Amino acid sequence: MRRKLAAGNWKMNGLAAAMTQAAAIAAHDANGVDVLICPPTTLLAQMANLPMSVGGQDCHANTSGAHTGDISADQLADTGATYTLTGHSERRTDHAETDAMINAKTTAAYAANLTAVVCIGETLSERETNKTLTVIETQLAGSVPDTATAANTVIAYEPVWAIGTGKVPTNDQIAQVHAHIRARLTERFTDGADFRVLYGGSVKASNATEIFAIPDVDGALVGGASLKAADFIPIITALAAS
Ligand code: PGA
């Protein structure tokens, strides 16, 4: 049985006052669903004291050194974080991260005993030119290390065109990609059937139940709707009921 995961990606949002939202999310009885927030690094140590999982949004491939402004997986773990995102499309775009770089970061996360949430997804032009499944395969093969296991890795399928846009793929489109991801994982890893695969991109309370009913969707990676407890808790509840 794969444990369901409701993950929030706060991106570059949240000052100290936002701790009240995190506290309200953590205080909610998640009914067996794993809850994870990846806040800005400034809030990580404080948030790690709450009864939920917390994670970084990125980590460097090295454990330490002359990398101004970066953060290592060990430093994330040192705050109490147990997860980190790797390969989010905003990192791939804003920081020109390649699959090889993401693979190295993910390997560094494993070395620090963090579970990596490796993000993959096609752009709109890739979808419109029927390249979605090829892009997914290339990113999975390149970004996910050979040492990945169901315990140290979660895959997040996030179509780039669905992030922060209010646009969501059809249920069939989500089902097709998740089935494809599952097939590649089971082909490559002995425990491929046990990896959790999240959907991300404009998930909100109003579409969560429908999305969580799709086969092989084990939870969500939520951006905008994870910032406020009043928006995120109904998503957790929908996941628990799915
Ligand atoms: P969104 O972001 O829920 O605001 O679309 C999702 C993400 O980028 O992880």
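**Reading the model feature by feature**

Tutor: Asn31 is found in the loop between helix 1 and strand 2 (34-38). Helices (H or I, at least four residues) and strands (E, at least two) are DSSP runs, numbered from the N terminus. This is a predicted model, in which local features need pLDDT of at least 70 and side-chain atom pairs count only at pLDDT 80 or more, while totals for chains, interfaces and linings use all residues. Residues are numbered from 1 along each chain as its sequence is written, and side-chain values use heavy atoms, with hydrogens and water left out.

Student: Is Asn31 buried or exposed?

Tutor: Buried means under 20% relative accessible area, exposed over 50%, and partly exposed in between (1.4 Å probe, protein chains only). Asn31 has 60% relative accessibility and therefore counts as exposed.

Student: What is the phi of Asn31?

Tutor: Most residues other than glycine have a negative phi. Phi of Asn31 is near 60°, a positive value in a residue other than glycine. Lys11 also has a positive phi, near 55°. Lys11 lies in the loop between strand 1 (5-9) and helix 1 (19-27), and its relative accessible area of 21% makes it partly exposed.

Student: How are the strands arranged?

Tutor: Strands of a sheet pair through backbone hydrogen bonds, either parallel or antiparallel. Two strands pair if DSSP finds at least two bridges between them. Here a closed barrel of eight strands runs 1-2-3-4-5-6-7-8, with parallel pairing. Neighbouring strands of this sheet are turned by 25° against each other on average, direction ignored. Axes are lines fitted to C-alpha atoms, for helices over the stretch in contact, and angles run from 0 to 180 degrees between N-to-C directions.

Student: At what angle do helix 5 and helix 7 cross?

Tutor: Angles under 35 degrees count as roughly parallel, over 145 as roughly antiparallel, 65 to 115 as roughly perpendicular and the rest as oblique. The axes of helix 5 (residues 99-111) and helix 7 (residues 132-143) come within 7 Å and cross at roughly 45°, so the two helices are oblique to each other. Contact means heavy atoms within 4.5 Å. Helix 5 contributes Asp99, Ala100, Ile102, Asn103 and Thr106 to the contact, and helix 7 contributes Thr138, Gln139, Gly142 and Ser143.

Student: Where is Asp218, and which side chain does its own side chain join?

Tutor: A polar contact is a pair of N or O atoms within 3.5 Å; within protein, one must be able to donate a hydrogen and the other to accept it, and residues adjacent in sequence count only if both atoms are side-chain atoms. Asp218 is in the loop between helix 9 (205-212) and strand 8 (219-222), and counts as buried at 7% relative accessibility. A polar contact of 3.1 Å joins the side chains of Asp218 and Arg182. The side chain of Asp218 also reaches the backbone nitrogen of Val197 at 2.9 Å.
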